[in-house]
Amino acid sequence: MRPILMKGHERPLTFLKYNREGDLLFSCAKDHNPTVWFADNGERLGTFRGHNGAVWSCDVSRDSLQLITGSADQTAKLWNVKSGNQLYTFNFDSPARSVDFSVGDKLALITTDPFMELSSAIHVKRIARDPADQSGKSVLVLKGPQGRINRAVWGPLNKTIISAGEDAVVRIWDTETGTLLKESDREIGHKRPITSLTKSTDGSHFITGSVDKSAKLWDTRSLTLIKTYVTERPVNAVAMSPLLDHVVLGGGQDASAVTTTDHRAGKFEAKFYDKILQEEIGGVKGHFGPINALAFNPDGKSFSSGGEDGYVRLHHFDPDYFNIKI
Amino acid sequence: MTATAPKLRWGELEEDDGEDLDFLLPPRQVIGPNENGIKKVIEYKFNEDGNKVKITTTIRVRKLANARLSKSAIERRSWPKFGDAVHEDVGSRLTMVSTEEIVLEPPRAPGSKPEETKAAGDPLAQLGKGGAVLMVCRTCGKKGDHWTSRCPYKDLAQPSEGFIDKPPTAETSSVASGTGKTAYVPPGMRAGAERGAGADMRRRNDENSVRVTNLSEDTQEPDLHDLFRPFGAITRVYVAMDQKTGMSRGFGFVNFVNREDAQRAINKLNGYGYDNLILKVEWATPRSN
């Protein structure tokens, strides 16, 4: 395959997200402008200008009309996807990191980093149908445990919130009462900070990637560990194919160590694993830095990766990808 | 005369940096796409020297095969650009198709993996330890452990086949004598060693070495062998290669069995035109040690 290279960002990529139909790709980077691209040919549709810090994550509503972004400038912003206009700004006292629209787009969760004496927290906001009625009031605030929460997503039917972060523990919270329901076992779970978390298309299971050079597949309801994928480098990004039983791990050594090592040693590839057999299928090379973000097109026929090198690489699979047997 | 006048003074050009003069340029033109999907975009701009430049960009527009798009996705296709994308010009090349074909590389067999990664991994470590293939001891044949000069078995090992000028008798006898727990005695100095012959042979080998310089980069060892073989028996041909590039460094050595053959080769081939270059063939100066 010949990937499409998109050089819209001037700083390392942080997050990638396809909309539901898979025709738009949203990219967030440490430069301040989240960008939306056409996912078929990589043409840039627009940039969302207004943030004043690194943008850590984003989510797009089911109808692809609203975008929410979380940024290090201590705000989360709602955007009109079509025009690129800001609709609303949620202000916090510490950097916002992970954002996720609930099923139905009536709620959104925003996580904030620990900062000064503030601990990390998950804020649940109600998203008004009309942006004019939008308020910044939190429906629920979950005071987080020690360390940063790197990723939090909604569980099935918005009944739970799944969070994972620096303390290497995956937690499931009740969204009605705000209580902690489950915690992953420290013995079988990750040993080092969890960097990424991605749900499967049906939400029945999710995958976490960690600095401990592994990715783990968990059951969403029971939080039982299903599979473990071991690699050679810290995992910064994970994605699951919606079409085949494949998982993709992206990583590479720490960004701080990049200049001191040979690029061949960096392992800047997106590694494909068989989801069930836990065996490596192959690797897709190309980035000049660690891969920070991965996303699968909802149709499963293409995926994109974003790297520390500031490039988004959009890969449309060759036909023989769909016939790989191991 | 103002800056808006068609004729401009260079001083004004510099100040304006070409930015405000864009209205002087002909408008952007888009031709096509024609039936082959070829679209031409003609733009004009000023380059750094203030000269007007015409930029013609030819684009082939292709439809993506059977891409099934939802109604809303098709509608989104026609959305106007916003943000920084509004001012994007054709030359910005934000989106490019990789020139490199990327394949889903299958993982290597588990056995071969560690070695491969080690070899490719850390060039520094490789320097220190030596590549597995590069470092072959000529004395004992051990790979990747030590260089020939540092061979711990060099007085124990049998002479290798390639060195026909080494006296076999001297070596074997030295093994027997060298087992005692005394200070190190070079094999040639030990009791029973054919001292004179051994030293002589070694000297003569060095003296029979002919240095060939001004070789073309394409010259390989077999070529050199073919060139020198008519003069007599050759024991060794060596062309110096650059380790990094694998290219010839343009010189080499040829060792003859007989000194007379070597002398004839020098007489004949010094100044000989070979591969468009004039060869310089001379006696190799023995190493200082």
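Colleague: What does the accessible surface of chain A come to?

Modeller: About 12,900 Å², and 49% of that area belongs to carbon and sulfur atoms. Keep in mind that this is a predicted model. For chain B the accessible surface is about 20,700 Å², with 52% belonging to carbon and sulfur atoms.

Colleague: How many residues of each chain count as buried, as a percentage?

Modeller: In chain A, 60% of the 326 residues are buried. In chain B, the share is 26% of 289 residues. The cut-off for buried is under 20% relative accessible area.

Colleague: What is the secondary structure of chain A, and what is that of chain B?

Modeller: Chain A has 0 helices and 28 strands. Chain B has 8 helices and 10 strands.

Colleague: Which residues of chain A does UniProt list as "repeat: WD"?

Modeller: The unreviewed entry lists 6–47, 48–89, 142–183, 187–228 and 284–314. Over residues 284–314, the model has 0% helix and 52% strand. The end C-alpha atoms of that stretch are 11 Å apart.

Colleague: Why is Arg44(A) called buried?

Modeller: Its relative accessible area is 8%. The cut-off is under 20%, so Arg44(A) counts as buried.

Colleague: Where is Arg44(A), and which residues does Arg44(A) touch?

Modeller: Arg44(A) is in strand S5, residues 44–47 of chain A. Beyond four places in sequence, its contacts in chain A are Gly8(A), Thr35(A), Val36(A) and Trp37(A). In chain B, Arg44(A) touches Lys81(B), Asp84(B), Ala85(B), Glu88(B), Leu94(B) and Thr95(B). Its side chain reaches the backbone oxygen of Asp84(B) at 3.2 Å. Met6(A) is 38 residues away from Arg44(A) in sequence, with 8.4 Å between the C-alpha atoms.

Colleague: What makes the pair Asp113(A) and Arg97(A) a polar contact?

Modeller: The two side chains meet at 2.9 Å. The limit for a pair of N or O atoms is 3.5 Å, one able to donate a hydrogen and the other to accept it, so the pair qualifies.

Colleague: Is Asp113(A) buried or exposed?

Modeller: Buried: its relative accessible area is 6%, and the rule asks for under 20%. Asp113(A) sits in the loop between strand S11 (107–112) and strand S12 (121–126) of chain A. Its contacts outside four places in sequence include Ser94(A), Pro95(A), Ser119(A), Ser120(A), Arg148(A) and Ile149(A), as well as Arg97(A).

Colleague: How do you know that Ile194(A) is buried?

Modeller: Its relative accessible area is 1%, which is under the 20% cut-off, so Ile194(A) is buried. Ile194(A) belongs to strand S18, residues 194–199 of chain A. Among its contacts are Asn150(A), Ala164(A), Val169(A), Thr208(A) and Gly209(A). Gly209(A) is 15 residues from Ile194(A) in sequence, and their C-alpha atoms are 5.8 Å apart.

Colleague: What is the phi of Ser64(A), and where does Ser64(A) lie?

Modeller: Phi is positive, about 60°, although Ser64(A) is not a glycine. Ser64(A) is in the loop between strand S6 (55–60) and strand S7 (66–71) of chain A. Its relative accessible area is 0%, so against a limit of 20% Ser64(A) is buried.

Colleague: Why is Asn158(A) called buried?

Modeller: The value is 16%, and the rule is under 20%, so Asn158(A) counts as buried. Asn158(A) has a positive phi of about 60° and is not a glycine. Its loop runs between strand S14 (149–154) and strand S15 (160–165) of chain A.

Colleague: How many cavities of 30 Å³ or more are there?

Modeller: The count is 2. The largest cavity has a volume of about 70 Å³. Its lining has 12 residues, and the closest to the centre are Thr231(A), Arg233(A), Gly251(A), Glu269(A) and Lys271(A). Strand S23 (residues 246–251) of chain A gives the most to that lining, with 3 residues.

Key: Residues numbered from 1 in each chain as written. Chains lettered and ligands numbered in written order. Predicted model: local features only at pLDDT ≥ 70, side-chain atom pairs only at ≥ 80, totals over all residues. Heavy atoms only, no water. Helix = DSSP H or I, 4+ residues; strand = E, 2+ residues; numbered from the N terminus. Buried < 20%, exposed > 50% of the residue type's maximum accessible area, 1.4 Å probe, protein only. Contact = heavy atoms within 4.5 Å. UniProt positions renumbered as here; feature names shortened; annotations may be inferred. Areas by Shrake-Rupley, 256 points an atom, 1.4 Å probe, with all protein chains shown as cover. 1 Å grid on protein atoms, 1.4 Å probe; cavity = no way out; pocket = protein on both sides within 12 Å on 5 of 7 lines; lining within 4 Å. Points joined across faces, edges and corners; volume = space filled by probe spheres on them.
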